[in-house]
Amino acid sequence: MVDETDKKDDFSEQFDQGAEPVSLADVPDEMPLLPVRDVVIYPYMILPLMVGRDKSIKAVEKALDKDRLIFLATQKSSTKEDPGPDDIYNVGTVAMVVKMLRLPDGRVKILVQGVTKGRILDYPSLGDFFVVRIEKIQEPHLEPVGLEIEALMRSVKENSEKILQLRGIISPDAVAILDSIEDPGRLADLVSSNLKLRVEESQAILEVIDPLNRLLKVNELLSKELELSAMQAKIQTQAKEEMGKTHREYFLREQLKAIQGELGEIDEKTKEIEEFRAKIAKARIPKDVEKEAEKQLSRLSQMHPDAAEASIIRTYLDWMVELPWSKSTKDRLDIRNAKKILDEDHYDLEKVKDRILEYLGVRKLNKNMKGPILCFVGPPGVGKTSLGKSIARALGRNFTRLSLGGVRDEAEIRGHRRTYIGALPGRIIQGLKNAGSNNPVFMLDEIDKVGADFRGDPSAALLEVLDPEQNNAFSDHYLNVPFDLSKVMFITTANLADPIIPALKDRMEIIELSGYVDEEKLKIARRFLIPRQIKENGISEKDMEITDEAILAIVNQYTRESGLRNLEREIANLCRKIARKIAEGEKKIPKITAKNLSKFLGVAKYLRDNEKRTDEVGVAIGLAWTPYGGDVLQVEATPLEGKGNLLLTGQLGDVMKESGQAAMSYFRSRAAHFGMKEKFYFTKDIHVHVPAGAIPKDGPSAGVTMATAIVSALTGIPVRADVAMTGEITLRGRVLPIGGLREKALAALRSQIFTVIAPDQNEKDLEEIPPYIRRKLDFKFVKHMDEVLKIALRSDSAENSERVQELGKNADPHRDQDQVESPKRGSSVSKSKSKSVRHSREIVAGKSV
């Protein structure tokens, strides 16, 4: 706490012109010491002091308990919080504590009056407060007052009145007080206390014992102050005439400039220009950029400091000198150590880890290689963003992140031109400044959610950023000079790749991160999630014992996701429950098992699929792809009395409706083989519904599922509930390939479905599915719808078995000829391109099947 002084400019409140409050004989040789700062106290001076330091408060209390006398001495340095004897001037003033007031914050406010000067001889006590032994200083008395002294006193009084008049604080009371003083010493003390001198100068005056010499010194300082006050008044008049009353801020700067000119000091403008020039030299800016910076600096030097454009140029130069043009971090090229770091932070994700280690290997052999541009695509919660941080840690680079979700203005990427008010560089340049190096790991999150409107297309602006052949000279509209981004390692993330414009996608190396199966979630929970939540909730490992079965129960009954976010939330919920029990004083926390899990987390949110699935007529299980991973859905079909109409419900998109119509046409063309009467459809309507009705769904790969549900509904043969299927159907029953087989297979495994029907042409996609998952699933690859029906329809009874076997007989006569003829020149796209278009149709908001 700082001892402060409530100093006042009114002469009548600072000095008591009456008799001495205490005679010198009554002043003891030892008394408490109160160190003060930023003020020198003279005899007969009255002023309030704020006392906050413990030693100072105890010294005041000691003085009040004794004779109310205390010795006031000024600190040599005002910044010293706990001064010692060497930090305090020896000459001070004996003062009487007139009043004391205790404040609510613990400080003390006192009113003191100076009695006489004194000199510290020694410090008898340095305990709770300082006790000093002093020598009382008695000034010589000048009698009679000669003409020289009287003239000097009159000169001091007149100059004091002039200064008060120039300052605008002249009053009759102040003039009367000055005129009433006849003692030279008191006059010197009164005037010096109001000259606003530096502490060293005020202390020097206090230490002058002879009144005449003290008055001469005060007169010298008073003359200097009078000149300064006159100059200040002149400056004020000139500034007012030039600028007017409405430019107060400018007027104050003109005052400062004029004062510096009189003192011969360098003005702020010149100092600022030199500082910028030194920063430009220190920043190691490229030659062409340095030329532009010098040009702008030259323009600034010719402008008035308060010109509107001067502020714009200052901001521009600040950005230029603070960007990491040549500052790089050194890559950590130890591949084994990098692998260890990646394994510490993330479980599995071997494809991503291999790609990073490959980059390190090449970087070790080629020091000048360009940074890769990777794109992690996967559902939420699989670790895309945290993986970027781990990569930065493994490489020993700085990390910065930019979220692109909802960005619609191109200027967010390229920056605003400096002609706009409040213009700033784009967020790419801002991210590099925050990173502090020109080779960070720069993560661009949610690149698939970039928007576009009348302000431009940010995706198009990213083309230059993410092109290794162009980004070595990236041009920001604000900087208007090239910046080298080729050393930056860009990592983008997306939930799905297809909304990204093709030109931008072509510039990135896409690495897909699928969801996790139960075993992987169990290991990740044990290795990462549970230890992190235990630490964040302030409990220990022995406080939380949880079985593997309980963790798997959380995965299956309390979460339904491809990632891990909800799993971590439920684990955090468990930790909070345990923390509360510990805080309430419970000694023994029960072990968490699958049986008592509901006591901690409540009723299960999801039923196990294998508990609610039964073989039903007209209900087939399909596999869907969503932006958040794979999912399982049921397709229901039921025949109704009608006129042969096909009713499709469940918020289906156009592509999915067409799949339903194709499935119905396939069945009608094969009605005789299915044992249906001729023209049966004249009296039957078919209603196909896909729950849940509130979720939009689209995509072509539900064709086989719809066809199976329709065949089952019209023939009365139940569909196996332990079989899931996916595939597009043609009018002749061929099963065409689909996308997202890995995600769909994971969805089937999560739902305890172990038989998966998929198109024959997707068999090559099994390589993307981990071996331990492939071993758990029985994949049935089919070419025709007849094969699907043989697998999917239940054949447990003799009648059903015979009917299912009959479905494969008397096959469609066009089946063997059902091959795509060679297209005429220019009339069709290639097979690979048509497959790409087919796959892109599956990417729609909501569920794609």
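**Close-up views of a predicted model**

**View 1. Eight residues surround the second largest cavity.** The second largest cavity is lined by Thr614, Glu616, Val619, Ile621, Gln634, Val719, Arg720 and Ala721. This is a predicted model, in which local features need pLDDT of at least 70, side-chain atom pairs count only at pLDDT 80 or more, and totals for chains, interfaces and linings use all residues. Residues are numbered from 1 along each chain as its sequence is written, and side-chain values use heavy atoms, with hydrogens and water left out. Here a cavity is a set of points, on a 1 Å grid over the protein atoms alone, where a 1.4 Å probe fits but cannot get out, and lining residues have an atom within 4 Å of a point. The model has five cavities of 30 Å³ or more. Sorted by class, the lining comprises four nonpolar, two polar and two charged residues (Ala, Val, Leu, Ile, Met, Phe, Trp, Tyr, Cys and Pro count as nonpolar; Asp, Glu, Lys and Arg as charged; the others, Gly among them, as polar).

**View 2. Strand E15 is covered on both faces.** Have a look at strand E15 (residues 619–626), where eight of eight residues are buried. Buried means under 20% relative accessible area, exposed over 50%, and partly exposed in between (1.4 Å probe, protein chains only). Helices (H or I, at least four residues) and strands (E, at least two) are DSSP runs numbered from the N terminus. In a regular strand the side chains alternate between the two faces of the sheet. On one side of E15 sit Val619, Ile621, Leu623 and Trp625, and on the other Ala620, Gly622, Ala624 and Thr626. E15 runs parallel to strand E20 (residues 723–725), and two bridges join them (strands pair if DSSP finds at least two bridges between them). Ile621 has Ala724 as its bridge partner in E20.

**View 3. Trp325 and Phe483 form a tilted pair.** The structure holds five aromatic pairs. Rings of Phe, Tyr and Trp (its six-membered ring) pair if their centres lie within 6.5 Å; planes under 30 degrees apart count as stacked, over 60 as edge-to-face and the rest as tilted. The ring centres of Trp325 and Phe483 are 4.9 Å apart with the planes at 45°, so this pair is tilted. Because Trp325 lies in the loop between helix H11 (308–322) and helix H12 (335–345) and Phe483 in strand E12 (residues 482–483), the pair ties together parts that are 158 residues apart in sequence. Trp325 and Phe483 are both buried.

**View 4. Phe779 and Phe781 are stacked.** Their ring centres are 5.9 Å apart, with 10° between the planes, and both residues are buried. Lys780 belongs to strand E24 (residues 778–782) and is partly exposed, at 30% relative accessibility. The C-alpha atoms of Lys780 and Val756 are separated by 6.0 Å, though the two residues are 24 apart along the chain.

**View 5. Two lysines lie over aromatic rings.** A charge sits over a ring if NZ of Lys or CZ of Arg is within 6 Å of the ring centre and within 35 degrees of the ring normal. Lys433 lies over the face of Trp319 at 4.1 Å from the ring centre, and Lys279 over the face of Phe276 at 5.9 Å.

**View 6. Tyr44 has a positive phi.** The phi of Tyr44 is about 70°, although this residue is not a glycine. Tyr44 is placed in the loop between strand E2 (30–36) and strand E3 (46–51) and is buried, with a relative accessible area of 12%.

Key
On a 1 Å grid over the protein atoms alone, a cavity is a set of points where a 1.4 Å probe fits but cannot get out, and a pocket is an open set with protein on both sides within 12 Å along at least five of seven lines; lining residues have an atom within 4 Å of a point. Grid points are joined across faces, edges and corners, and a volume is the space filled by probe spheres set on the points.
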